[in-house]
Each structure stands twice: as structure tokens, then as C-alpha cells.
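Keep the sequence and the coordinates open while reading.

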Amino acid sequence: MFERFTRGARATVKGAVAQAERVGAGSVTEEHLLLALLEQEGGRAAFAVTALGLHDRRASLDAAFAEARRRGGLTKADTDALAGIGIDLGAIVSRVEGAHGEGALDADRRGRRWWSGHRPFTPGAKTVLENALRVALGRGDRFIGEEHLLLALTAKPGVVADVLADHGATYTAVQRALYGSVADRGDGEGDAGQGRAQAG
């Protein structure tokens, strides 16, 4: 699969590893892939990221990810489901942090490595890479570029997709920023590409 990656997509993957190393994370996550994408310049994904205003809201993105890590990586859907059965996640986080310190539920905190070495990709990050291939195939592209990685990040349910959606970068919004309106494409793909990406 990696032989299909463009130079920019490969740089994004390497950048994600660097992001993980920078914060001492034991593995490379979807968040690291997104942060590496935000640092790319000159490609179609960089244009979409700028058009959607994500560069201007980097501090807000960072704060949203920090809050998600405090919740142990639970998504909004998880939080809402717990609230639906009477569990106040905010109260639980406060109690755990009161007993064990701030960030005690940070999912990657337990696996931190304080030395440089091989950092594996989490199952979620691997799924994003696989879904990028599905997105590319769904569009009829013979390559996997940063734009396919960006679409795959919005299509995989989880914290990254939640944070992006909260910042106006849903799958549909990203697709429009990348390729114009779906109707302009004329290939009938529409949201079918999204369905295939989510199916993986």
C-alpha cells in the first residue's frame, strides 16, 4: 500500500511519528496524523485545511484534543451514552484526577516511552491509513495523497472526527474544500465514497 503514497502522504506519516516522539507518546495515533497534516504545505490537503480555517484555530484544536485525553479518549457519543444511563463523566474525571493527579485518564500516558525508538501505529491510526486507500479507490485515484488521509480522518468515528466536525471539518465539508461540490464531480460517487471509507 505504501508504494501508492505520494511524497506528501509519506511526509505526513513521518510527521505523525515525529509528533508522537515530540510529546513522548508510546504510539502514533490519529491525532498525530492530523497534526502532521496541519503542518504540510503546498498540497491539496493544505489548501483544504486553510480554506476550512483549521490553521487559524490550531489552539482550539489542541485544547479539544487535550480535553478528550483527559476523558480517557472517550468520544462525544460515548459521553452522551454514559449520560443517558446517569453517569456523569465530568464528575468521574474530577474524582480520578483528584485522587491520582491531572491527566490520570490520558490513554497514552500509561504507554509513554521516554527514549527514542520504534513507535507503533495504534489500530485507529492503521485504520485511517487503510481507509485512505479506500477513499482513493472510491475516487478512482491511483495514488494515496494527503487529501485521502484527511478525508479518512473525518470518516473514521472517534475523537479526531468529533473535533474536526466541531471545527466545521466534516467529511462533506472537507470533500467540498478539496474537490468543489459533489455535483461538480459528475461521477455519481457522492457520499458513496464516504460510506466505503467508514465501512473499513
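## The nonpolar core

Which residues of the largest nonpolar core touch the most other members? They are L33, L34, L54, L150 and L153, in a core of 45 residues. A nonpolar core here is a set of buried Ala, Val, Leu, Ile, Met, Phe, Trp, Tyr and Cys residues joined through side-chain atoms within 4.5 Å. Eight helices each supply at least two residues of this core: α1 (7-23), α2, α3, α4 (58-70), α7 (123-139), α8, α9 (159-166) and α10. In soluble globular proteins, nonpolar side chains tend to be buried together.

L54 can be followed contact by contact, where contact means heavy atoms within 4.5 Å. Leaving out residues up to four places away in sequence, L54 touches L38, V49, L61, L164, H167 and A169.

## Model and overall fold

This is a predicted model; local features need pLDDT of at least 70, side-chain atom pairs count only at pLDDT 80 or more, and totals for chains, interfaces and linings use all residues. Residues are numbered from 1 along each chain as its sequence is written, and side-chain values use heavy atoms, with hydrogens and water left out.

The protein has twelve helices and zero strands. Both are DSSP runs, numbered from the N terminus: helices are H or I with at least four residues, strands are E with at least two. Of the 200 residues, 45% count as buried. Buried means under 20% relative accessible area, exposed means over 50%, and partly exposed lies in between (1.4 Å probe, protein chains only).

Among contacts between residues at least 6 apart in sequence, 63% join residues at least 24 apart. The protein exposes about 10,100 Å², and carbon and sulfur atoms supply 53% of it. These areas come from the Shrake-Rupley method with a 1.4 Å probe; for residues, only the protein chains shown count as cover.

## Helix α3

Helix α3 spans residues 44-51, and A45, A46, A48 and V49 in it are buried. They sit on the same side of α3 because they cover an arc of only 160° around the axis. The arc is taken from the directions from the helix axis to the C-beta atoms. An α-helix has 3.6 residues a turn, so residues three or four places apart point the same way.

The buried residues of α3 pack against α2 (30-39), α8 (146-155) and α10 (171-179). F47 and A51 are exposed, on the face turned away from the buried side. Just after α3, G53 takes a positive phi of about 75°.

## Salt bridges

The structure holds four salt bridges. The criterion is a side-chain nitrogen of Lys or Arg within 4 Å of a carboxyl oxygen of Asp or Glu. In one of them, R119 meets E21 at 3.9 Å, N to O. R119 is in the loop between α6 (89-100) and α7, E21 is in α1, and the two are 98 residues apart. R119 is buried at 5% relative accessible area, whereas E21 is partly exposed at 37%.

Another pair is R22 and E39, with the closest N and O atoms 3.7 Å apart. R22 lies in α1 and E39 in α2, so the bridge ties together parts 17 residues apart in sequence. R22 is exposed at 55%, and E39 is partly exposed at 42%.

E30 and K156 also pair, at 3.1 Å, N to O. This bridge links α2 to the loop between α8 and α9, 126 residues apart. E30 and K156 are both buried, K156 with a relative accessible area of 17%. Beyond four places in sequence, K156 touches E30, G124, T127, V128, N131 and A161.
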